[in-house]
Amino acid sequence: MTAHIESKKEDVAKKVLMPGDPLRAKYIAEHFLEDAKCINTTRNMLGYTGYYKGERITVFASGMGGPSIGIYAYELYHFYEVEEIIRIGTAGSNKEEIKVGDLILAQASYTLSSYPKLFFDDSNHLFSSSQALNEKIRKKAKAKKINLKEGTILTSDIFDGYVDLKTYQKNYPEDLDTLASEMESAILFCIAHHLKKKAACLITVVDSLFEKISFSREERETSLNDMITLALDSFITE
């Protein structure tokens, strides 16, 4: 047990699916897992362990932003000996060709967060995901005929919808080319790198400065089933 997770070590699977929203974690446990057991309610950061197609999996919320996922990913990796985390989340498009509804597999994520420097004395800003996990996700996506966009994404400390894209991007290197913005993945990748663990990130684009449509609050919570099932299937041992 830690200050943030009440679970016993044996309650947590080695493979963790990590949405940001605790209610999304609850939704996944109720609709996709068999024999799901709630293993964490501390601070309402809900966690569940159950079975998906015979594979033991934990679904554990991260909350919003780098500092929050930094707590939960680090504790799960370090204290609970989790080996793999796939983050699933939502993002805003940074390119006109990236449309609302597109599913992105992050090959890497760039951040200006102070987290890597403060925690690991790491001055890098760009962190890569696990190529082994990514390859499993690609294979499952191909079998399901799911079109994946792949590339670098941006992890920001602010919600991208609150600022003009030009204002947003002028604070980053001119040659930085990102598909979308979210708030957690670079910190997850950083922790996984330093602890020698595996991490991947699948995100669904739910809003864009280039389109006049976006997902509603309810859709963000429950209408991401393709992303959820793809991530879960990628955990299956073959």
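Me: I take buried to mean under 20% relative accessible area, exposed over 50% and partly exposed in between, with a 1.4 Å probe and protein chains only. What is the relative accessible area of Glu 83?

Reply: Glu 83 has a relative accessible area of 38%, which means that this residue is partly exposed. This is a predicted model, where local features need pLDDT of at least 70 and side-chain atom pairs count only at pLDDT 80 or more, while totals for chains, interfaces and linings use all residues. Residues are numbered from 1 along each chain as its sequence is written, and side-chain values use heavy atoms, with hydrogens and water left out.

Me: Which residue forms a salt bridge with Glu 83?

Reply: Lys 197 does, with the closest N and O atoms 3.2 Å apart. A salt bridge here is a side-chain nitrogen of Lys or Arg within 4 Å of a carboxyl oxygen of Asp or Glu.

Me: What does the Glu 83 and Lys 197 pair tie together?

Reply: Glu 83 is in the loop between helix H2 (66-78) and strand E5 (84-93), and Lys 197 is in the loop between helix H6 (185-195) and strand E10 (198-208), so the pair ties together parts 114 residues apart in sequence. Helices (H or I, at least four residues) and strands (E, at least two) are DSSP runs, numbered from the N terminus.

Me: How many salt bridges does a search of the whole structure find?

Reply: The search finds 15. One of them joins Asp 177 and Lys 95, at 2.7 Å from N to O. That pair also links distant parts of the chain, 82 residues apart: Asp 177 is in the loop between helix H5 (165-169) and strand E9 (180-182), and Lys 95 in the loop between E5 and strand E6 (103-111). At 47% relative accessibility Asp 177 counts as partly exposed, whereas Lys 95, at 19%, counts as buried. There is also a network of salt bridges that links Lys 9, Lys 14 and Glu 81.

Me: And Lys 26 with Glu 30, how far apart are the closest N and O atoms?

Reply: They are 2.7 Å apart. Lys 26 and Glu 30 are four residues apart in helix H1 (residues 22-32), so about one helical turn separates them. Lys 26 counts as partly exposed, at 31% relative accessibility.

Me: Cys 190 is in H6, then. How many residues of H6 are buried?

Reply: Eight of its 11 residues are buried, so H6 is mostly covered. Besides Cys 190, the buried ones include Ile 187, Leu 188, Phe 189 and Ile 191. Just after H6, Lys 196 takes a positive phi of about 60°.

Me: Which residues touch the most other members of the largest nonpolar core?

Reply: Leu 17, Ile 28, Leu 76, Tyr 77, Ile 86, Ile 88 and Leu 202, out of 71 residues. A nonpolar core is a set of buried Ala, Val, Leu, Ile, Met, Phe, Trp, Tyr and Cys residues joined through side-chain atoms within 4.5 Å. E10 gives the most to this core, with seven residues. Another core lies apart from it and has five residues, among them Tyr 110, Leu 154, Leu 165 and Tyr 172.

Me: Aromatics now. What kind of aromatic pair do Tyr 110 and Tyr 172 form?

Reply: Of the seven aromatic pairs in the structure, the one formed by Tyr 110 and Tyr 172 is edge-to-face, 6.0 Å centre to centre with 70° between the planes. Rings of Phe, Tyr and Trp (its six-membered ring) pair if their centres lie within 6.5 Å; planes under 30 degrees apart count as stacked, over 60 as edge-to-face and the rest as tilted. Tyr 110 is buried at 11%, and Tyr 172 is buried at 13%.

Me: Last one, strands. How many bridges join E6 to E8?

Reply: Eight, and the two strands run parallel. Two strands pair if DSSP finds at least two bridges between them. E8 also runs parallel to E9, joined by two bridges.
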